[in-house]
Structure formats: structure tokens, C-alpha cells
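The following note comments on a two-part set of coordinates. Please read the numbered points alongside the sequence and the model.

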Amino acid sequence: MGDIQFEIDGQTVTADPGMTVLEVAQREGIFIPTLCHHEKLEPFGGCRLCIVEVEDRGWTKYVVSCVFPAAKDIKVKTRSEKVDRLRKTILELLMAHAPDAPQLTELAKVYGADPNRYERDPSFCIHCGLCVRYCAEVAQKHAIGFVDRGINKEISFVPEIAAQYCNDCKECFPLCPTSYLQAAFVYAQAMAFPGA
Amino acid sequence: MEIERVDQIIEKHHGEASNLLQIMLDIQSENNWLSKQALARVSEKLSVPMTRIQHIATFYKAFSLVPKGRHKVHICMGTACHVRGATRILDTVEDATGIKPGETDLDLKFSLETVNCLGCCALGPVMEVDGKVHGKMSPVKASSALKTYE
């Protein structure tokens, strides 16, 4: 099994065509931090936290491993000085939005991220898309989606669908890394479909 | 906008989900905005989830989810127009139409927006109505230009 041979942290691993570097690493028990990854969902590449160093034919580049396909003879490093620095900055940017999210504070300790480096803009949603993608791909109800763009982008329930299904499902709730989803749901329910 | 007309537009694009954006643009240009009923119909006919339609409708500035007037008035606030008195033009238009930038009047006649440059700075101050450029505006000229629109 496995036609593609390459290295992760000096360890030789094999992969089938179409597998991502993250999938291979997780199968081999090599830890790469992630926020927006979920095994039941299509790769999204939203949080950028799974960034790794890849050496390919002598060139070094930095890629997000959850969407980077495994390739022959590449050398992947899951930690290096630069990878750690990149992750630290990503965490600091995310923490400007969700300063107290448990997963973020945990990772911040590992990478020495300062939650106060950037001016706080507590929107609490970090746009990982887990709720949106779970509802579309697994629950297949499309009750929640993204609206607007750029700094105004946010999650939004479709009241008609949410009123009908959400109370009996709520499977996306534990996925949210910041608990903003629960708050958004309670708010949407109070505003658009109270008592439903 | 009647549901029949929405169906016609969908029919024109063969009811294919890949033509979603074009269908939405057609509804927008005919109706000046996207009503919830129209979008619900599109969602149903193309079997595209409402969440995706919402995402697209809020992503592009060309779409409006609130009613817009028949005439779109754009006042240029770019540097060149600004120094030649664009604020006075804006004040005049606000008085003449009774609305502020971003608003639409109750008769759905005018929608007013400010823009940052229309690319014809030599004509400043510039007012654009429905894509037609009115250059070298003065407050008097601006208010008389608006009177020509029904």
C-alpha cells in the first residue's frame, strides 16, 4: 500500500495518491496543530495553523498541510524556528478575535503567543467554517452559512431551516472552538424564531 | 417582482445551478433588489441552498437585499471632485431627494451613494445617474438634472 514515499520529521512515510500531508501525519501519529480540520469534512485551509515546512527538490516552502497533497520525496518538517514563528503570529491574530478560547490559549502557551499583541476586536468567530461545513456536508441541512466578506464576514442562520431542525440536532455546537456559535444560535433564535 | 418573472429568468438560463450568479444579476438589474421571495424561488428551482445564495448576495456589492430606487445617483467624493465642491453637490442632492448616502426614498425613485472616484477627474465635480455622467456640476445644475428623472 502507498505509492508515494516521503519524509515527515526525518521519518519515512508512505501515502496513497490524493492524501494530504496532514492525513498522513495523523495516521502516523505525528502531531500537527489544527483548528479548522475535521475528519468527516472536506479540507478547508481556513485557520492556517497546520502550516509546515516542505523541502521539495532543494527548495523550501511553507504550506498548510491540510490542503497540501503528499508528494514523492518531499521532506516535511512539522516544527522549525520559522514554522513556530508563523504559528505564533497566526495565533496572535486569531486571539485578537477570541482571546479566551480554550484551544487557542492552550496553543498560545506552546508557541509563546501574546494574546494582546494585536488590538482586540472580539468578534469571537475565527471563521474556521466548522459549523457551516458540518451543516452542509454531514447534516446536509444548510441551516447556517457565511454572509458578507472581509472584516464583516460572519456566520448567519437561515431562520426557516434553523427553526425546523437545529433544536433537535445541535451537532455543530461542540465543534466550535470559541463557543461563538452557541451564542449566535441563541441570538438568532430569540430574534427570528422564539419558542420554535 | 412576480414569481412568474423570476421563473422566466431561471428558464432563460436553463435552470442550471452554474448560472446562479447570472440569474441573480438579471433579477437585480430588473428589480433593483433581491427580495426574499425571489431568492427562495431561485434556491428551490436550482436546488442551491439558501446559505450559498445569501453568501453570494452579501459578498458582491452589485446586489442589494433591500429595495433600491429606480435611479441610482452616485456622487463622486474623490480628491479632484472634493476640492471642486463635491460636498456642496452632495448637500444639494440630499436636500432635493430627502435622503442621505446609502438610503432610498419612499417612492423608490432615487438611491443615493457616494463613490470615491469615477475616473473622470477633469469633469469634476461629477454626479452619475444610472451610469450617465453629469460633469462640471454646480448645485443648480445638479438639482435641475435630477428633475429630468421620473
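Which domains does the domain assignment give for chain A? The assignment, automatic or taken from a database, gives domain 1 (4-79) and domain 2 (130-192).

1. Basis of the note. This is a predicted model, in which local features need pLDDT of at least 70 and side-chain atom pairs count only at pLDDT 80 or more, while totals for chains, interfaces and linings use all residues. Residues are numbered from 1 along each chain as its sequence is written, and chains are lettered from A and ligands numbered from 1 in the order in which they are written.

2. Domains of chain A. The centres of domain 1 and domain 2 of chain A, taken over C-alpha atoms, are separated by 29 Å. Seven residues of domain 1 of chain A are in contact with seven residues of domain 2 of chain A, where contact requires C-beta atoms, placed from the backbone, to lie within 7 Å. The side of domain 1 that touches domain 2 in chain A comprises four nonpolar, one polar and two charged residues. For these classes, Ala, Val, Leu, Ile, Met, Phe, Trp, Tyr, Cys and Pro count as nonpolar, Asp, Glu, Lys and Arg as charged, and the others, Gly among them, as polar.

3. The sheet of chain A. Five strands form an open sheet in the order 2-1-5-3-4, with mixed pairing. Strand 2 (11-15) and strand 4 of chain A stand at the edges with a single partner strand each, so one side of each is left without a neighbour in the sheet. On average, and ignoring direction, neighbouring strands are turned by 30 degrees against each other. Strands (E, at least two residues) and helices (H or I, at least four) are DSSP runs, numbered from the N terminus; two strands pair if DSSP finds at least two bridges between them.

4. Strand pairs in chain A. Strand 1 (residues 4-8) and strand 2 of chain A pair in the antiparallel sense over five bridges, with A:Q5 opposite A:T14. Strand 3 (residues 51-56) and strand 4 (residues 59-64) of chain A also run antiparallel and are joined by six bridges; here A:V52 stands opposite A:V63. The hairpin of strand 3 and strand 4 of chain A has two residues between the strands, and A:R57 takes a positive phi near 50 degrees.

5. Chain B overall. Chain B has seven helices and four strands, which run α-α-α-α-β-α-α-β-β-β-α from the N terminus on. Its domain assignment gives domain 1 (3-59) and domain 2 (71-147), and 31 Å separate the centres of these two domains of chain B.

6. A helix pair in chain B. The axes of helix 3 (residues 36-46) and helix 4 (residues 50-59) of chain B come within 9 Å and cross at roughly 130 degrees. Axes are lines fitted to C-alpha atoms, for helices over the stretch in contact, and angles run from 0 to 180 degrees between N-to-C directions. Helix 3 and helix 4 of chain B are therefore oblique to each other, a term for angles that are not under 35 (roughly parallel), over 145 (roughly antiparallel) or 65 to 115 degrees (roughly perpendicular).

7. The interface between the chains. Eight residues of chain B are in contact with 10 residues of chain A. Strand 6 (residues 144-147) of chain A gives the largest share of the chain A side, four residues. By class, that side of chain A has five nonpolar, three polar and two charged residues.

Definitions and conventions:
Two residues are in contact if their C-beta atoms, placed from the backbone, lie within 7 Å.
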